[in-house]
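Visitor: Could we go through this model together? I would like to begin with the charged pairs and then turn to the fold.

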Amino acid sequence: MDIWELFVAFILGLVEGLTEFAPVSSTGHMIIVDDLLLHSKDLFTEPVANTFKVVIQLGSILAVVIVFKDRFINLLGLQKGVSIADSKGRLSLSKVIVGLIPAGVIGVLFEDYIDEHLFSVETVIIGLVIGAILMIIADRLHPRVVKIDDVDQISYKQALGIGLFQCLGLWPGFSRSGSTISGGVLLGLNHRAASDFTFIMAVPIMLGASAISLMKNWQYFTVDALPFFTVGFISAFVFALLFIRFFLKLINKIKLVPFAIYRIILAAAIYFIFL
């Protein structure tokens, strides 16, 4: 394992950690950084490179678990010294499950179609632009009086609605966090509450997708590739941990429009570079 391979793993982990939970599309950034500059599939093989991108997602997931550890402990009923009465009024696991159902069902039914037909530069550009338009609309139509300013106040109807918006994130380039945060804002949540619910839902849905992918590609975990996977995982974890904390402090201040403008610029860059 040479220094260049470890550098590639570090940079891709950095890109994953900084973009996975931002409403800017990690897929779009991976296309530019990896396909244009780093070419990770040339270091080993394309299946190993694709498996690597799943492994570094697990680093990002771990970062979310740490940031929201108290929330997950409460959701799973593992918090000591808290009575049932005290837990009422908090976000329940059942609401998270309701939010996961739409994308979970559609993802399972259309997984093969999405993999075969939607992973292209053209579809990513479309996802970036349409997702940006949705984010701008969400900010412009956001109710002047916010109905929900804490994720604990979310209703089952809102959870389901956000889950339906999450389905848009199955389109590469659309951004799962961009679609769900926009959906939450349109349904009356403030930006921080929508972001909290988005990140909480990310853990089970990303774990499920990663587990399926890892089971299909387990044979690519070779001794030679282990340092590559390890550096990428640690890099993604550290940068995701730093970014999530920063993003949650920032989102209520700047809203979604700056991210939407950035997405349009990114789409233009991908178009002129690749097409």
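Predicted model: local features only at pLDDT ≥ 70, side-chain atom pairs only at ≥ 80, totals over all residues.

Visitor: Is D34 buried or exposed?

Guide: D34 counts as buried, because its relative accessibility is 2%. K53 is partly exposed, with a relative accessible area of 22%.

Visitor: How many salt bridges does the structure hold?

Guide: The structure holds four salt bridges. One of them joins D152 to R71, where the closest N and O atoms are 2.4 Å apart. D152 is in the loop between α7 (121-141) and α8 (156-166), whereas R71 is in helix α4 (residues 69-75), 81 residues apart. Both D152 and R71 are buried.

Visitor: And what does K216 pair with?

Guide: K216 forms a salt bridge with E111, and the closest N and O atoms are 3.1 Å apart. K216 lies in helix α10 and E111 in helix α6 (residues 93-117), so the pair ties together parts that are 105 residues apart in sequence. K216 counts as partly exposed at 48% relative accessibility, and E111 is partly exposed at 26%.

Visitor: What is R176 in contact with, leaving aside its neighbours within four places in sequence?

Guide: R176, which is found in helix α9 (residues 176-186), is in contact with Q166, G169, T198, M201, A202 and I205.

Visitor: Where does α10 bend?

Guide: Helix α10 bends by about 30° at A202, and the proline P204 follows within four residues. The 26 residues of α10 (residues 191-216) should span 38 Å at 1.5 Å a residue, and the end C-alpha atoms are 37 Å apart, which agrees.

Visitor: Turning to the whole fold, how many helices and strands are there?

Guide: There are 12 helices and zero strands. The radius of gyration is 19 Å, close to the 19 Å that the globule rule gives for 275 residues, so the protein is as compact as a globular protein of that length. The C-alpha trace spans about 55 × 45 × 35 Å along its principal axes.

Visitor: What share of the residues is buried?

Guide: Buried residues make up 48% of the 275 residues. Among contacts between residues at least 6 apart in sequence, 83% join residues at least 24 apart.

Conventions. Residues numbered from 1 in each chain as written. Heavy atoms only, no water. Helix = DSSP H or I, 4+ residues; strand = E, 2+ residues; numbered from the N terminus. Expected span 1.5 Å × (residues − 1). Bend = angle between axes of the 7 residues up to and from the residue. Contact = heavy atoms within 4.5 Å. Rg over C-alpha atoms; globule rule 2.2 N^0.38 Å. Buried < 20%, exposed > 50% of the residue type's maximum accessible area, 1.4 Å probe, protein only. Salt bridge = Lys/Arg side-chain N within 4 Å of Asp/Glu carboxyl O.
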